[in-house]
Amino acid sequence: MREFTLIRARSGAQALQALAAYPDARLMAGGTTLYDLMKLGVERPQHVIDINGVDEFKRVDTAANGELVLGSLARMSDVAADPRLVSDYPALSESLWRAASQQLRNMASLGGNVLQRTRCAYFRGGEPFACNKRVPGSGCAAQDGIDRGHALLGASRHCSATYHGDFAVALVAFDAVLDVLGPNGMRTMPFEALHRLPGDRPDLETTLAPGEIIARIRVPATPLGRASTYHKIRDRESYAFALASAAVALQMDGPVVREARIALGGVATRPWRAREAERALIGQRLNIETALAAGFAAFAGATPGHHNAFRIDLGARTVADALMIASTRA
Amino acid sequence: MTTHASAEQSGSPGPQIDRRDFVLSVVALASASSAASAAPVPAAPVPAAPAPAAPDGPTVHAGSVPLTFVVNGQARALAVDPRTSALDLLREGLQLTGAKKGCDHGQCGACTIHVDGRRVVSCLTPALQLDGRTVDTIEGLQRPDSSLHPMQQAFIDHDALQCGYCTPGQIMAAIACVREGNATSPDRIREYMSGNLCRCGAYNGIVAAIGQAATQMRVG
């Protein structure tokens, strides 16, 4: 691992000050992504800012009926077990506890989780492999490589690396927003605007400006929360990244869908809101046929590579099963 | 060289140096020598930022990082290379070799320890994050009368291991699993123990052992 200088920040202002002084610095919270990639030599920061002492990023407020306020340094395991999330937003809770292991969830922060980097083996594998995300302009080894786990939606010829996070998928389904602290103070942005498509610059992953820090995530109060689920299909039953996943939320008029939210995970280059699938469902009676039609609508724009086409059918059925599970909670 | 563990301030390798100590002394050289001569590395103020000069700016640690924490009830004061993992510090610096290095990337759970009572993987915990915290490892389970923790006894009773390499991590994860309230059914135990891999495939025994110990721990 490359040597680095540690900087400890104990307030948001100190963290901003450190980022201004060392523009190349990386922020470290739980470390489960950054420290791992530093061991692999994929991340090579000269300065690391430890923000675990910044108490103002830890506050969680999930009081009944209001919006959810989730500090970016809150830990995944704590938020997954929050009684309000469990009862009123099961998709959010499930997206957290169906990710990683309890050990990692005890460590990982929400902010770090949504900013986690891809698990593409060519990105993580380092030097022997071309990767436009790791070394801009070097090419993409996945284009002619093993792409079983690569993205079906949102890919470009420069990068088809999957965004593997789960929580972010549930957040886009619920129209969450981010409060971002920067040199000019706090700004609020839609969560869905955080992650970029790879296009011809896959090295640019988010819309955060240099020197900005995610302070908290806010989820609006919504009647859609309760009838929701995060359904995740993996190669094994637990502790694996998604082959396909879906965050869905429903508001029903009896058997008819009044409003629907559908977001896809594990199949796209960024957290993926499937609005065409939502439109296909609104006003329909929900049954397995209409649910499957919505599922396939979500994948209408899919562009399979060499080894990943099976995940189109799998993904559509994941959406359909998620809708049926959510409807039992309406 | 994959380890960057530090020697303790108080204890330096003796004159009889074996290969292991030699390797340790080399990796620990920078921090050990500075630690021997003086206090932990002094904190320097951050260079002037646009804002008015802040006397309470962030702390910059050039070189090694001072670290005080409690491990298995014993206070420790060290200086570590900031690259050091908690696992390497425990194993190579403090000779607490119970936590095992399996994958070193947070994928197998063999290095599970407790920090402030919560289970974490020590391979992905930078040692610098232990500052001011309380660490418990498998070595700390030993009781004054040398009897086994109910979870250790349960692993024996249910033949919950073959080679035993994953066992310290399994047991530390399992104790936390019970304390969290996540050992309430075989399915829930499987879900909340999924971060601990056993390549011998002793899973049935592990689930049974945790079920037994959970009952005893709730009573006891």
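Where in chain A is the place of E3(A)? In this predicted model, E3(A) belongs to the segment before β1 (5–8) of chain A. Is this residue buried or exposed? E3(A) is exposed, because 11 other C-beta atoms lie within 10 Å, and a residue counts as exposed at 12 or fewer. H47(A) lies 44 residues away along the chain, and the two C-alpha atoms are separated by 8.7 Å.

The overall form of chain A was considered next. Its secondary structure consists of twelve helices and twelve strands. The C-alpha atoms occupy a box of roughly 60 × 50 × 35 Å along the principal axes. The radius of gyration of chain A is 19 Å. For 330 residues, a compact globule would have a value near 20 Å, so the chain agrees with that expectation. Buried residues make up 55% of the 330 in chain A. Contacts in chain A were also sorted by sequence separation. Of those with a separation of 6 or more, 65% are between residues 24 or more positions apart.

Chain A also touches chain B. The contact involves 28 residues of chain A and 34 residues of chain B. On the chain A side, at least two residues each come from β1, α1 (12–21), α2 (34–40) and α6 (102–107). By class, this side of chain A has twelve nonpolar, eleven polar and five charged residues.

Chain B was then examined by domain. The domain assignment gives domain 1 (19–42 + 63–140) and domain 2 (150–219). Between them, 14 residues of domain 1 are in contact with eleven residues of domain 2 of chain B. Strands β5 (112–115) and β6 (118–121) of chain B each supply at least two residues to the domain 1 side. The most come from β5(B), with three residues. The domain 1 side that touches domain 2 of chain B comprises six nonpolar, five polar and three charged residues.

Key
Residues are numbered from 1 along each chain as its sequence is written. Chains are lettered from A and ligands numbered from 1 in the order in which they are written. This is a predicted model: local features need pLDDT of at least 70, side-chain atom pairs count only at pLDDT 80 or more; totals for chains, interfaces and linings use all residues. Helices (H or I, at least four residues) and strands (E, at least two) are DSSP runs, numbered from the N terminus. A residue is buried if 20 or more other C-beta atoms lie within 10 Å of its own, exposed if 12 or fewer, and partly exposed in between; C-beta atoms are placed from the backbone. The radius of gyration is taken over C-alpha atoms; the globule rule is 2.2 Å times the number of residues to the power 0.38. Two residues are in contact if their C-beta atoms, placed from the backbone, lie within 7 Å. Ala, Val, Leu, Ile, Met, Phe, Trp, Tyr, Cys and Pro count as nonpolar, Asp, Glu, Lys and Arg as charged, and the others, Gly among them, as polar. Domain bounds come from an automatic or database domain assignment.
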